[in-house]
Amino acid sequence: MALTLASAFLWGVAHIWAGRTRTGLTLAAVYLLVVSAVVTVVSNAWSHLPSLLLDRLDTASAAAVAVAVVWAAVIVWSWLVVAPRRVRLGPPLIAVAGLCALVVAPLGYASRVAYVSNEVVTSVFAADAPEPVPQALTPVVDPDPDPWAGKERLNVLLVGADSAPDRPGARTDSMTVASVDTRTGESVLFSLPRNLQNVPVDDYPSAALLNEVFQWGEDHGDSGADLLKSTIGDILGLDVDYYAMVDMKGFAQIINAMGGVTITVKNDIVFGAYREGLIKAGTHHMNGTQALWFGRSRTDSDDYQRMGRQKCLLNAVADQADPLKVLRGFERIADVTKRFVSTDIPRSLLPDLIDLAPKVKGADIKSLQFVPPLIRTGNPDWDLIRSKVHDELTPRPVAASAKAKAKTKAVDLDASCA
């Protein structure tokens with residue numbers, strides 16, 4: 001058993017002890033070669049490892065299964081080489097099977113995670129357009145390619161959609177453009193209220209609200225997402241590159257899969273459409289349903305207070321979604337993502353977005369909400385909105401920038417969970 005255990009951590013030990021030196025050395029050489037290759041790749045590309053794996057999820061899944069099968073076979077083979085025939089069955093064999101399980105289980109789980117991740121990527125994210133046929137016989141290779149092609153900011157529209165069985169279609173009740181500096185990761189969130197009127201869309205009724213643009217586009221033969229992107233881009237004076245939309249019901253299920261979320265509530269929040277309960281002021285660990293009502297309730301409040309709570313909820317989910325929680329609920333999260341999330345972000349961009357994510361997490365995130373008294377939702381001043389967006393994205397002197405950041409953070413903290 002000791003030799004079998006040793007062979008699980010260094011292939012070939014049992015074979016060498018049994019006199020099968022050539023076989024044992026070959027197994028040991030293969031094992032050390034694989035381990036050294038993995039260590040080299042991980043040490044040299046640690047910061048880019050997630051993006052590298054994402055680009056080869058199907059290969060990673062198959063490789064994990066292959067390694068698990070070969071590893072288990074080596075353990076069983078080692079046991080058969082050194083164990084006397086009279087003790088090959090019974091409790092010793094059960095111990096060998098347990099050792100195989102200890103090796104196979106994590107690799108099998110890794111393979112499953114890679115397989116499910118690949119399903120999510122292929123079902124949720126947009127397929128890339130076919131590449132043009134190269135004209136030159138010898139392609140020119142850029143030694144240090146810029147994935148953003150010199151683009152200084154990446155603008156992504158984040159949408160929370162609310163669909164209900166008692167009405168057709170979906171309303172986009174939460175609309176925020178995240179403008180990310182592709183060099184530093186510094187981000188600005190521009191939030192627009194759902195009840196903006198006089199929206200700049202051809203033939204769109206002046207009394208209709210911004211949160212109806214998506215469904216209006218769908219009903220009139222256009223892509224609702226494309227129409228909403230272009231409309232909000234016109235309002236803010238930005239080129240919106242991509243969108244990501246999640247249905248509110250799916251968001252609640254994601255929170256459940258994480259095991260809930262802890263939020264500090266400043267004021268009592270009415271729970272349920274018919275005042276079934278109350279979320280008292282204080283710190284609470286909420287399930288998905290409670291968190292959803294915290295983020296969407298307008299009873300005894302208004303759209304603008306709700307926007308602040310939604311920002312608080314998003315921040316809490318982002319802060320508390322640690323890797324262990326995500327892994328525990330990974331398959332549920334993946335299933336919800338496939339059913340309730342849509343986006344036009346191309347698959348080829350995902351590795352670059354993963355590389356950008358640590359910069360965003362470590363940089364400052366500012367927020368600007370276009371709500372009264374800054375604007376009048378019934379008759380918005382579009383020039384004022386575009387001017388404010390331009391001011392936020394224009395680099396400032398260091399002293400002025402620090403002062404503005406401090407002021408923005410103070411406002412955000414004061415309003416985030418009101």
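**Surface, helix packing and salt bridges in the predicted model**

A nonpolar patch on the surface is formed by V30, V34 and V38, which together have about 230 Å² of accessible area. Patches consist of residues with over 30% relative accessible area and no salt bridge, like charges being joined within 9 Å and nonpolar side chains (Val, Leu, Ile, Met, Phe, Trp, Tyr) within 5 Å. V38 belongs to helix α3 (residues 21-44); helices (H or I, at least four residues) and strands (E, at least two) are DSSP runs, numbered from the N terminus. With 48% relative accessibility, V38 is classed as partly exposed, where buried means under 20% relative accessible area, exposed over 50%, and partly exposed in between (1.4 Å probe, protein chains only).

The model is predicted, so local features require pLDDT of at least 70 and side-chain atom pairs count only at pLDDT 80 or more, while totals for chains, interfaces and linings use all residues. Residues are numbered from 1 along each chain as its sequence is written, and side-chain values use heavy atoms, with hydrogens and water left out.

The protein contains 16 helices and ten strands. Of its 418 residues, 41% count as buried. The accessible surface comes to about 23000 Å², and carbon and sulfur atoms account for 61% of this area. Among contacts (heavy atoms within 4.5 Å) with a separation of 6 or more, 67% are between residues 24 or more positions apart.

Several helix pairs were examined through their axes, which are lines fitted to C-alpha atoms, for helices over the stretch in contact, with angles running from 0 to 180 degrees between N-to-C directions. Angles under 35 degrees count as roughly parallel, over 145 as roughly antiparallel, 65 to 115 as roughly perpendicular and the rest as oblique. Helix α10 (residues 288-296) packs with helix α11 (residues 303-320) at an angle of about 140°, the axes lying 7 Å apart. The two helices, α10 and α11, are therefore oblique to each other. On the α10 side the contact involves A291, F294, G295 and R296, and on the α11 side R306, R309, Q310, C312 and L313.

Between T122 and K338 the C-alpha to C-alpha distance is 9.5 Å, although 216 residues separate them in sequence.

Helix α9 (residues 248-258) is mostly covered, eight of its eleven residues being buried. These buried residues are M248, G250, F251, A252, I254, I255, A257 and M258. Just after α9, G259 adopts a positive phi of about 90°. The angle between α9 and α13 is about 175°, and their axes are 9 Å apart; the two helices are therefore roughly antiparallel. In this packing, residues of α9 including K249, Q253 and I254 meet residues of α13 including R332, I333 and F340.

Side chains of opposite charge can pair when their charged atoms come close. Ten salt bridges were counted, each being a side-chain nitrogen of Lys or Arg within 4 Å of a carboxyl oxygen of Asp or Glu. One of them joins the side chains of R112 and E331 (2.9 Å, N to O). Because R112 lies in helix α6 and E331 in helix α13, this pair ties together parts that are 219 residues apart in sequence. Both residues are partly exposed, R112 with a relative accessible area of 36% and E331 with 38%.

A further salt bridge links D344 and K229 (2.7 Å, N to O). D344 lies in the loop between β9 (341-343) and α14 (350-362) and K229 in helix α8 (residues 224-236), so the pair ties together parts that are 115 residues apart in sequence. K229 is buried, with a relative accessible area of 11%. K366 pairs with E392, their closest N and O atoms being 3.4 Å apart. K366 and E392 are both buried.

Methods: Areas by Shrake-Rupley, 256 points an atom, 1.4 Å probe, with all protein chains shown as cover.
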